[in-house]
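Hi there,

Here is the structure I promised to pass on to you. Have a look at it first, and my notes on the charged pairs follow below.

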Amino acid sequence: MAVVEPIESADPQRRRLRYRSPANLEPIGEIEIQPAAEVRAAVERARKSQPQWAALGFEGRARFLQRAVQVLLERQDEYVDVIVRDTGKPRIEALAAEILSSCDALQYYAKRAERILADRTLSVHLVKSKKLKVVYKPVGVVGIITPWNYPFILSLNPTAQALMAGNTVVLKPSEVTPFSGALLRDLFEAAGLPEGVFDLVQGDAETGAALVESDVDKISFTGSVRTGRRVAETCGRLLKPCTLELGGKDPMIVCADADLERAANGAVYGAFVNSGQVCMSTERVYVVDSVADEFIGKVIEKTAALRQGAEGEFELGPIIWPPQLEVIERHVKDAVDHGAVVRTGGRRNPDEPGFFFEPTVLTEVTQDMEVMRDETFGPVLPIMRVPDEAEAVRLANDSSYGLNASVWTRDKHKGTELAKAIESGCAVVNDCMISYGLTESPFGGVKESGIGRVNGELGLKSYCHTQSIVIDRFGGKSESMWFPYSLKKLNLIKRMMRFIWGTPLGRLLS
Ligand code: NAD
């Protein structure tokens with residue numbers, strides 16, 4: 001049984017999809033897939049609107065984003081209803097991770113973009129006759145493609161950054177959660193955004209591919225490694241910049257001197273929030289042997305106390321996209337077949353009609369198991385004992401992914417040094433999940449976890465072309481390096497080189 005079902009249609013150009021809730025299987029709506037021609041038309045409208053949008057300046061654009069914050073505050077319950085219907089996640093997670101963080105993103109960039117993207121004058125170290133300015137210009141039209149796990153914030157956050165940098169945006173939200181994606185249209189219409197500044201196209205891979213192929217100036221993609229690779233291939237052929245926020249297999253290292261109570265609470269939250277459907281979920285734990293028994297005991301006890309459901313108070317909702325459930329089951333089965341022990345959970349929840357997998361703790365796992373190597377994207381926490389921290393770091397780095405990581409120790413200096421030794425775009429000491437939530441923190445991956453950074457100053461600048469402008473300071477009829485050439489000029493250059501890099505005074509000035 002699938003939550004997303006194609007509807008039979010006589011017209012192959014007008015495909016439709018029908019939806020049912022992953023939590024209780026109730027029908028929730030239908031969408032029509034938008035074909036490539038409609039994607040191109042949206043991009044064309046965005047292209048036409050971009051110069052006026054950029055001309056509004058930071059203050060003018062910020063006013064619209066700040067109005068959007070007020071709309072979010074007014075409509076929060078209505079929006080949470082839609083997100084919960086699409087995903088089945090607990091209301092508190094829909095509110096905190098999707099709406100609250102969206103308010104923060106809109107307000108943060110509205111308030112700070114002008115300072116972050118202000119023209120800079122840089123001092124020039126050798127050629128003192130020149131002045132150097134660096135300016136940040138919008139790239140133009142940004143195409144944004146997003147996944148289903150946090151369908152609102154992962155669409156809103158890059159959009160807020162692209163808009164504040166002076167770009168117009170065409171968004172293609174995930175076809176798995178289209179109604180949450182569509183909330184952005186409602187939001188920006190209610191905020192009074194001028195026509196064509198933000199547009200949304202609904203559809204699946206075909207619509208996404210059409211957006212990448214279209215006349216957009218940059219692609220901001222969040223999703224799986226598999227799709228990210230395809231997007232990058234097309235962008236490479238078209239020489240189009242792209243930011244790729246891809247999957248993870250985040251390691252957690254528990255040192256012997258960790259606060260085990262906090263570490264166990266962190267492991268359970270990091271592995272099971274949003275039912276493990278987070279790019280920076282804690283997907284594998286390496287715990288130092290001397291504290292492993294106590295740590296594992298605490299994690300099992302806390303995991304067994306978690307509640308799953310579709311109504312009322314609960315911590316874990318369903319698996320949002322049913323095919324993901326098959327990946328989760330495959331990873332657990334492979335682990336058990338190769339000697340892992342299920343300490344709690346380990347199966348679909350038989351008491352729920354929807355797509356629920358019980359929060360699962362595995363021990364006796366080995367590094368070569370699928371559950372330790374590939375992204376599970378579900379509520380499964382494999383824990384492995386290691387003799388010491390050095391081995392934990394070695395195993396943490398033995399991965400094709402490198403998104404986030406966490407280190408747990410009472411010694412913050414040691415924690416920071418261990419974090420530095422981990423090959424990841426982000427890392428956390430004595431916490432988890434927080435990297436994307438700290439708006440200042442540049443977020444992104446190394447290795448197969450992605451290319452580029454979102455958020456903070458780096459993220460905002462990634463929606464700009466950096467232009468350098470060199471200005472001559474003193475004038476004069478010619479420059480010493482211009483024509484005509486002569487032996488005298490050649491010897492002068494040689495003497496100058498000897499002075500600058502061959503004498504102590506020159507090196508001081510260089
Ligand atoms: P996905 O790659 O299947 O889909 C992502 C988006 O790409 C969807 O909108 C989809 O319609 C679109 N798409 C599919 N094929 C396309 C194509 N050929 N060209 C253009 N667009 C195409 O990913 P998903 O299953 O929706 O999301 C889960 C994945 O996203 C996980 O791997 C997770 O780790 C990752 N993710 C990463 C981050 C991050 O910030 N690093 C955040 C959230 C999720």
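I counted 37 salt bridges, where a salt bridge is a side-chain nitrogen of Lys or Arg within 4 Å of a carboxyl oxygen of Asp or Glu. Please keep in mind that this is a predicted model, in which local features need pLDDT of at least 70, side-chain atom pairs count only at pLDDT 80 or more, and totals for chains, interfaces and linings use all residues. Residues are numbered from 1 along each chain as its sequence is written, and side-chain values use heavy atoms, with hydrogens and water left out.

One of the pairs is Arg15 with Asp204, whose closest N and O atoms are 2.9 Å apart. Arg15 sits in the loop between β1 (4-7) and β2 (16-20), and Asp204 in the loop between β8 (198-200) and α6 (205-213), so this pair ties together parts that are 189 residues apart in sequence. (Helices are DSSP runs of H or I with at least four residues, strands are runs of E with at least two, and both are numbered from the N terminus.) Asp204 is buried at 13% relative accessible area, while Arg15 is partly exposed at 28%. Here buried means under 20%, exposed over 50% and partly exposed in between, with a 1.4 Å probe and protein chains only.

Glu313 is exposed, at 67%, whereas Arg307 is partly exposed at 39%, and so is Glu315 at 26%.

Best wishes
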